[in-house]
Amino acid sequence: MIVIQGIFHHKNVSDETINKSLNTIFSRNILLSMASIKGGKESWIHTAYYAYSPKLHLYYLSPPTAQHSQNIEANGSVAVSIFDTHQNPTDQKCGVQLFGNCRRAIGSEVAEGLRVYTQRFSWITKYIKKPADFDKGVLESKLYIITPHTIKLFDEAVFGEEKWVIVSL
């Protein structure tokens, strides 16, 4: 189990509680929705399978030619949402919104991202076994990294009904 290391600054909730909530949400879900900015003025959204590291970096694969990849190349500002789509309105609800930056992984980030992504999605090793394989064109997709600066947690089982916990990193 990956435990996100104490990197939070929130006055009313302990790092341990935030870690537990984030780890639960991240580990129970495999898809994220991410909004980017198209042309400096228009919203754009896409979904992707993600993996996450103890440093709270999220990694996903995408072709550089995709519209969202082009958006990120021009402006790395993103908003991400992760939640279980099977939640019922009467259940205790949980999810997370992340606000930060996204860019194509480079250098050692590719090795770390591939290691993390492979742990979660072993199917990728059918195509990519080492970071250099991305450059061989086996897949059109490249590895991208999301680095959040703000987290909005909604976990009614942990924080109470209709309570958001906003964390600055």
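Analyst: Buried means under 20% relative accessible area, exposed means over 50%, and partly exposed lies in between, with a 1.4 Å probe and protein chains only. This is a predicted model, in which local features need pLDDT of at least 70 and side-chain atom pairs count only at pLDDT 80 or more, whereas totals for chains, interfaces and linings use all residues. Residues are numbered from 1 along each chain as its sequence is written, and side-chain values use heavy atoms, with hydrogens and water left out.

User: Why is Arg103 called partly exposed?

Analyst: Arg103 has a relative accessible area of 38%, and the class in between runs from the 20% limit for buried to the 50% limit for exposed, so Arg103 counts as partly exposed.

User: What makes the pair of Glu109 and Arg103 a salt bridge?

Analyst: A salt bridge needs a side-chain nitrogen of Lys or Arg within 4 Å of a carboxyl oxygen of Asp or Glu. The side chains of Glu109 and Arg103 meet at 2.5 Å, N to O, and Glu109 counts as buried because its relative accessibility is 18%. By this rule the count comes to five salt bridges.

User: Which parts of the chain does the salt bridge between Glu156 and Lys93 link?

Analyst: The side chains of Glu156 and Lys93 meet at 3.6 Å, N to O. The pair links distant parts of the chain, with Glu156 in helix H4 (residues 156–159) and Lys93 in the loop between S5 and S6, 63 residues apart. Helices (H or I, at least four residues) and strands (E, at least two) are DSSP runs, numbered from the N terminus. Glu156 counts as buried at 8% relative accessibility, while Lys93, at 28%, counts as partly exposed.

User: What makes Asp133 and Lys130 part of a network?

Analyst: Asp133 forms a salt bridge with Lys130, their closest N and O atoms being 3.5 Å apart, and salt bridges that share partners join Lys130, Asp133 and Lys136 into one network. Asp133 is buried, with a relative accessible area of 7%, and Lys130 is partly exposed, with 42%.

User: Why is strand S4 called largely enclosed?

Analyst: Five of the five residues of S4 are buried, so the strand is largely enclosed by the rest of the structure. Both faces are covered, with Leu58, Tyr60 and Ser62 buried on one side and Tyr59 and Leu61 buried on the other.

User: How do you know that S4 pairs with S7?

Analyst: Two strands pair if DSSP finds at least two bridges between them, and five bridges join S4 to S7, which run antiparallel. Within this pairing, Tyr59 stands opposite Ile145 in S7.

User: What makes the link between Ser62 and His68 a polar contact?

Analyst: A polar contact is a pair of N or O atoms within 3.5 Å; within protein, one must be able to donate a hydrogen and the other to accept it, and residues adjacent in sequence count only if both atoms are side-chain atoms. The side chains of Ser62 and His68 are joined by such a contact of 2.6 Å. Ser62, in strand S4, is buried, with a relative accessible area of 3%.

User: Why do the buried residues of helix H2 line one face?

Analyst: In H2 (residues 67–74), His68, Ser69, Asn71 and Ile72 are buried. Seen down the axis of H2, these buried residues fall within an arc of 155° (taken from the directions from the helix axis to the C-beta atoms), so they line one face of the helix. The face turned away from that buried side carries the exposed residues Glu73 and Ala74.
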